[in-house]
Amino acid sequence: MLAFLWGPIVVLAVYSFNTSRLNILWEGFTLRWYGEVWDNAPLMEAARTSLIVATITTVLSVLLGTAGAWLLHRYRFRGAGALRTLVGVPVMMPEIVMGVSLLVLFAAVAVPLGFATVVIAHVTFCFPFVLLAVQARLAGLDPALEEAALDLGATPLRAFWLVIVPCLRPAITAGALLAFTLSMDEVIVTYFTASPEAATLPLRIFGLAKVGLSPMLNALSVLFIVATVAVVLITERLQKSSRSLSSRP
Amino acid sequence: MTIPVQPTQGSAQLPRPARWFLLAPLAVWLVAFVVAPALILLVYSFSERDELGRVVFTFTLENYARAFDPVYLSVFGRSLGYAAATTAICAVLAYPVAWCMAQARPPWRDRLLLLVMIPFWTSFLIRTYAWITILKSEGLLNGLLLYTHTIAAPLELLYTPGAVVLGLVYAYLPFMILPIYGSAEKLDPALIEAAHDLGCGPWQSFARVVLPLTRPGLAAGVMMVFVPAIGMFAISDLMGGARVPLIGNVIQDQFVGQARDKPFGAALAVIFMLIFVTVYWLWQRRAEARVA
């Protein structure tokens, strides 16, 4: 089973070092394809776009998700139930429906597709994950913490900033990393909301994979995998430390 | 319209501007980018397009009538069939893996979980490309078979229905493994022992004890594989070529492809959404019935 899971990825990685252009026979070791990735201007441009989009998406998702989680956790108000359901919609909704619905929205209000529309789309499917992560952490938080801060004379806003936010930091960080990875990887929704100038790295990979095989694409994939795995391992580590923190008596 | 924000009982209230500071962005974002797009899509689905491909707002059911044309019905049927096949294969492959992971000792359990999950944290696009390099007529598998003289000419492996289902299975397998693992992990081993003590064979205790108790995880996995597999167009695009269009390919073609019929695409998307909502609703109702 593990062979089925890892096999294709290992093959992909091994052949990224092969001197032969066709993938069949092993002819020798080379780093030439990695050099080609580096020298490929459209690819590097797309990588830059992806990084910028993912960074802005992460910041906005954290702000929106954390504030939203606190609001839904702490206050009862009319429409809270509806808001909670709505937060779940982008998580569950099939990506293609989300993509085309955003496309028709931007068309209807005559906003040209580009960098901003990609960021809006990414925030829409990323921030619910931050919100859910923070909400889970809030549920395990002792309400006495905030009460103590208020009793000691802090204003609710100061109590939130000085007491609650530090307690939430592991969940916020984990949510942020998740948002970043999701944004870096996403293809379908991006496909409908990006212009050719604002193409992200996965969109370029999609275009290249359609054309056919190229060892350069293997090399690019390997770099992408290594980066993703690094982010995931960091997230894992943080979640573990946050779990041990919350289980402390 | 004002939404009165009341604090939960026994706790202090935030000052009014702060409340709005918290509430407004969330509500505005969800309404503007989740509710509004869905409504516009719905309106589009009842509209027409003019000769230039622009959308003209009229009220027509023609788009929906067209969706029930045999051509598109067969696409819907194929999409559902592929998704069902993908779900079934995923369930059969994932169940034993999830079960073994749940039975492993704790330190090994985490390591196995990570080993299973890492391949799937990498973009599905790259994983699909990995299969293309293997299956293509000048790819690895054909190369190996030719080299060993097992075959005389390259086999057509890519751009077949089998390739599409393989790609879908490979993409969605973790969504099946994780929920099954989640419910298998919670299973009390004493229950299986009890079944043994009461004279159940391994097969009987699986069918009567293990399967019913892990069914919620299995149901969640089915839900998480089946629905996205229906609409996925990138995998059928890459591994099926244009030969096996799924509903996602048809929708995509109406919006950004050559067909350029947004109202019709919107109608297809709305129908797809209805299928999704129905499956989700049935699933939730069954889950609730089980709890009650």
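The contact between the two chains takes 63 residues from chain A and 65 from chain B, with two residues in contact if their C-beta atoms, placed from the backbone, lie within 7 Å. On the side of chain A that touches chain B, helix α5 (residues 95-108) of chain A gives the most, with 10 residues. That side of chain A divides into 49 nonpolar, eight polar and six charged residues. Here Ala, Val, Leu, Ile, Met, Phe, Trp, Tyr, Cys and Pro count as nonpolar, Asp, Glu, Lys and Arg as charged, and the others, Gly among them, as polar.

The model is predicted; local features need pLDDT of at least 70, side-chain atom pairs count only at pLDDT 80 or more, and totals for chains, interfaces and linings use all residues. Residues are numbered from 1 along each chain as its sequence is written, while chains are lettered from A and ligands numbered from 1 in the order in which they are written.

Chain A has a mean pLDDT (the predictor's confidence in each residue, from 0 to 100) of 83, and 93% of its residues reach 70 or more. Chain A has 11 helices and one strand. Helices (H or I, at least four residues) and strands (E, at least two) are DSSP runs, numbered from the N terminus. Their order along the sequence is α-α-α-β-α-α-α-α-α-α-α-α. The C-alpha trace of chain A spans about 75 × 50 × 35 Å along its principal axes. Among contacts in chain A between residues at least 6 apart in sequence, 79% join residues at least 24 apart.

Of the 249 residues in chain A, 45% are buried. A residue is buried if 20 or more other C-beta atoms lie within 10 Å of its own, exposed if 12 or fewer, and partly exposed in between. Beyond four places in sequence, B:I177 touches B:A94, B:V97, B:A98 and B:V116.

B:V55 lies in strand β3 (residues 55-56) of chain B. B:V55 is partly exposed because 19 other C-beta atoms lie within 10 Å. Leaving out residues up to four places away in sequence, B:V55 touches B:Y44, B:S47, B:R49, B:K262 and B:P263.
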